[in-house]
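Subject: the structure I promised you

Hi,

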Amino acid sequence: FNPNFIDAPFMSNHDMDRIIKQVGENDARIAAEILLTLPGNPFIYYGDEIGLYGTRTNMLFGDYYDSLFANYEDRNVATVSEQLIDPDSLLNSYISLGQTRQNSLALSYGEFAPYNANSLQGYYRYFENGQDKELVIVLFNFSSVSHKPIPEEFTSYEILYKTFESNFGGISPRGMMILRLPYSLKDDLIS
């Protein structure tokens, strides 16, 4: 780590397989959730946000720019215009995460501290500069079958983002949540 530089995390680019080929359709969303909550300035290779498979291929805008054609690998991928009207689409997850990140000092500029307890993995992101203070925790449930309750140590929180609308009092399988915690808990939670 060098404080004089800003990290630039990414998942794929034109010289490698797309993220959806690397992790599969089911994990492409959680990969985006990790990317967009890590420290640094994340880079998104065009098309990853809609689930394109082909590299060096046309972006599938749909109604916005319909003269571009899909290559064979991407023939079943929903276009941008189709995904914009689907609240559960991969594209709308990217949009929601981007808005959450933009509205959070901790996610945009904050420090990083790992969290691993209660069968959940994740990390704290925290920011302090004068009066501006924010503490969030990013929690992942990598289980494919069971909901995980929000840990009892987080007695007061605001949900900033969640993968799925219905979480039944916890974090859904293959899902994540971003919780804003009272900054006053920082020293007790992060050692």
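Start at the hairpin of S2 and S3, where two residues sit between the strands and Gly-130 takes a positive phi near 65°. Before going further, keep in mind that this is a predicted model.

If you want one spot to look at, find Tyr-124, which stands opposite Ile-137 in S3. S3 also has a partner in S7: these two are antiparallel as well, with seven bridges joining them. Here Phe-140 has Met-176 in S7 as its bridge partner. How many of the ten residues of S3 are buried? Eight are, so the strand is mostly covered.

One thing to remember while you look at strands: in a regular one, side chains alternate between the two faces of the sheet.

Now zoom out. The protein chain has six helices and seven strands. Following the sequence, the order is α-α-α-α-α-β-β-β-β-β-β-β-α. The C-alpha atoms fill a box of roughly 55 × 40 × 25 Å along the principal axes. A compact globule with 191 residues would have a radius of gyration near 16 Å, and the 18 Å of this chain agrees with that. Of the 191 residues, 45% count as buried. The accessible surface comes to about 10800 Å², and carbon and sulfur atoms account for 50% of that. As for how the chain comes back on itself, take the contacts between residues at least 6 apart in sequence: 55% of these join residues at least 24 apart.

Next, the rings. A search of the whole structure finds eight aromatic pairs. One of them is Tyr-109 with Phe-127, a tilted pair with 6.3 Å from centre to centre and 50° between the planes. This pair links distant parts of the chain, since Tyr-109 is in helix H5 (residues 105-109) and Phe-127 is in strand S2 (residues 120-129), 18 residues apart. Are the two partners buried or exposed? Tyr-109 has a relative accessible area of 59%, so it is exposed. Phe-127 comes out at 15%, so it is buried.

Phe-140, which you met above, turns up again here. Its ring centre is 5.4 Å from that of Phe-142 and the planes are at 10°, so this pair is stacked. Phe-140 is buried, with a relative accessible area of 2%, while Phe-142 is partly exposed at 34%. Ring pairs also tie Phe-140 and Phe-142 into a cluster with Phe-112 and Tyr-123.

The charged end of Arg-18 sits over the ring of Tyr-46, 5.1 Å from its centre. Arg-75 does this with Tyr-72, where the charged end is 3.7 Å from the ring centre.

Last, two arginines with backbone angles to look at. Arg-56 has a phi near 50°, which is positive in a residue other than glycine. You will find Arg-56 in the loop between helix H2 (25-35) and helix H3 (80-84). Its relative accessibility is 60%, so Arg-56 counts as exposed. Arg-174 also is not a glycine and has a positive phi, of about 60°. Where does Arg-174 lie? Look in the loop between strand S6 (170-171) and strand S7 (175-181). At 27% relative accessibility, Arg-174 counts as partly exposed.

Have a click around and write back with any questions.

Cheers

Methods. Residues numbered from 1 in each chain as written. Predicted model: local features only at pLDDT ≥ 70, side-chain atom pairs only at ≥ 80, totals over all residues. Heavy atoms only, no water. Helix = DSSP H or I, 4+ residues; strand = E, 2+ residues; numbered from the N terminus. Buried < 20%, exposed > 50% of the residue type's maximum accessible area, 1.4 Å probe, protein only. Phe/Tyr/Trp six-rings, centres within 6.5 Å; stacked < 30°, edge-to-face > 60°. Lys NZ or Arg CZ within 6 Å of the ring centre and 35° of its normal. Rg over C-alpha atoms; globule rule 2.2 N^0.38 Å. Contact = heavy atoms within 4.5 Å. Areas by Shrake-Rupley, 256 points an atom, 1.4 Å probe, with all protein chains shown as cover. Pairing = 2+ DSSP bridges.
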